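Subject: Structure handover

Hi,

Here is the structure I promised to pass on.

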Amino acid sequence: GDPFVFGRGGEELEFLRAHGIAYEVIPGITAAVACAAYAGIPLTHRDHAQSLRLVTAHCKDSLDTLDWKSLAQNQQTLAVYMGVAGLETLRERLLLAGVSPALPFALVENGSRPQQRVIAGTLAALPEAARHHQVQSPALLILGEVAALAGTLHWFGAAPLVTPWQPAASQHPD
């Protein structure tokens with residue numbers, strides 16, 4: 001990955017600079033780009049997403065520091081780092097901000113590695129799908145219309161595991 005994207009690259013350089021230690025930065029390829037490419041998911045697409053947001057779900061103080069209203073905008077892709085432990089909260093906050101429960105997701109576990117798995121579905125079923133498939137870190141969550149393209153554009157490893165679940169309200173209408 002790239003230590004300047006949700007890594008501690010900046011903090012490490014501050015320490016080195018403060019102590020007069022010479023350094024050189026060799027950038028890596030961030031997980032969002034690598035995981036998406038290996039899963040066959042274009043992060044942007046003229047028909048589906050004109051912007052990309054890189055978000056960490058492992059906030060220093062709380063997920064509530066994120067701007068949920070802007071994260072709920074259409075025509076964008078959200079690449080969520082370090083989110084496996086907080087998928088229920090992430091889903092709740094996005095739904096409250098107005099995101100459709102039918103928004104596609106792809107969870108890319110062990111992206112670009114031989115044991116890569118992709119779990120795909122809709123936001124409504126996200127935490128249940130992750131539990132059912134026992135998704136473990138490292139995993140990157142991709143949310144947006146482009147995530148649905150993993151089913152047809154995957155090229156590395158096994159085809160995505162598609163979740164059949166629907167929102168609880170539609171499974172048991174009152």
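Is Val-108 buried or exposed? Val-108 is buried, with a relative accessible area of 0%; buried here means under 20% relative accessible area, exposed means over 50%, and partly exposed is in between, with a 1.4 Å probe and protein chains only.

Before the rest, some housekeeping. This is a predicted model, where local features need pLDDT of at least 70 and side-chain atom pairs count only at pLDDT 80 or more, while totals for chains, interfaces and linings use all residues. Residues are numbered from 1 along each chain as its sequence is written, and side-chain values use heavy atoms, with hydrogens and water left out.

**Around Val-108**

Val-108 sits in strand β3 (strands are DSSP runs of E with at least two residues, helices are runs of H or I with at least four, and both are numbered from the N terminus). On one side, its bridge partner in β4 is Val-118. In β5, Val-108 stands opposite Leu-140. If you skip the neighbours within four places in sequence, Val-108 is in contact (heavy atoms within 4.5 Å) with a list of residues including Cys-35, Ala-39, Pro-138, Ala-139 and Ile-142. For a sense of distance, Pro-164 is 56 residues away from Val-108 in sequence and 17 Å away in space, C-alpha to C-alpha.

**The sheet**

Six strands form an open sheet in the order β1-β2-β5-β3-β4-β6, with mixed pairing; two strands pair if DSSP finds at least two bridges between them. The edges are β1 (51-56) and β6, each with a single partner strand, so one side of each has no neighbour in the sheet.

Here is how the pairs look:

- β3 (residues 104-109) and β4 (residues 117-122) run antiparallel and are joined by six bridges.
- β3 and β5 are antiparallel too, with five bridges.
- β2 and β5 run antiparallel with three bridges, and Val-80 has Leu-141 as its bridge partner in β5.
- β4 and β6 (residues 161-162) run parallel with two bridges; Ile-119 has Leu-161 as its bridge partner in β6.

What about β5 (residues 139-143), how many of its five residues are buried? Five of the five are. In a regular strand the side chains alternate between the two faces of the sheet. In β5, Ala-139, Leu-141 and Leu-143 point one way and Leu-140 and Ile-142 point the other way, and all are buried.

**Cores and cavity**

The largest nonpolar core has 24 residues, and those with the most contacts inside it are Leu-94, Phe-105, Leu-107, Leu-141 and Leu-143. (A nonpolar core is a set of buried Ala, Val, Leu, Ile, Met, Phe, Trp, Tyr and Cys residues joined through side-chain atoms within 4.5 Å.) The elements giving two or more residues to this core are α3, β2, α4, β3, α5 (126-132) and β5. A second, separate core has 17 residues, among them Ala-36, Val-118, Ile-142 and Val-146.

There is one cavity of 30 Å³ or more, and the largest cavity holds about 30 Å³ of space. A cavity is a set of points on a 1 Å grid over the protein atoms alone where a 1.4 Å probe fits but cannot get out, and lining residues have an atom within 4 Å of a point; grid points are joined across faces, edges and corners, and a volume is the space filled by probe spheres set on the points.

Which residues line the largest cavity? They are Val-55, Trp-68, Leu-71, Leu-78, Val-80, Leu-90 and Leu-94. At least two lining residues come from each of α3 (68-71), β2 (76-81) and α4 (87-96).

Most residues other than glycine have a negative phi, and most peptide bonds are trans. These are worth a look:

- The peptide bond from Ser-137 to Pro-138 is cis, with omega near 5°, and Pro-138 lies in the loop between α5 and β5.
- Met-82, in the loop between β2 and α4, has a positive phi of about 55° although it is not a glycine. Met-82 is partly exposed, at 41% relative accessibility.
- Ser-112, in the loop between β3 and β4, has a positive phi of about 70° and is not a glycine either. Ser-112 is partly exposed at 32%.

Cheers

Technical notes: 1 Å grid on protein atoms, 1.4 Å probe; cavity = no way out; pocket = protein on both sides within 12 Å on 5 of 7 lines; lining within 4 Å.
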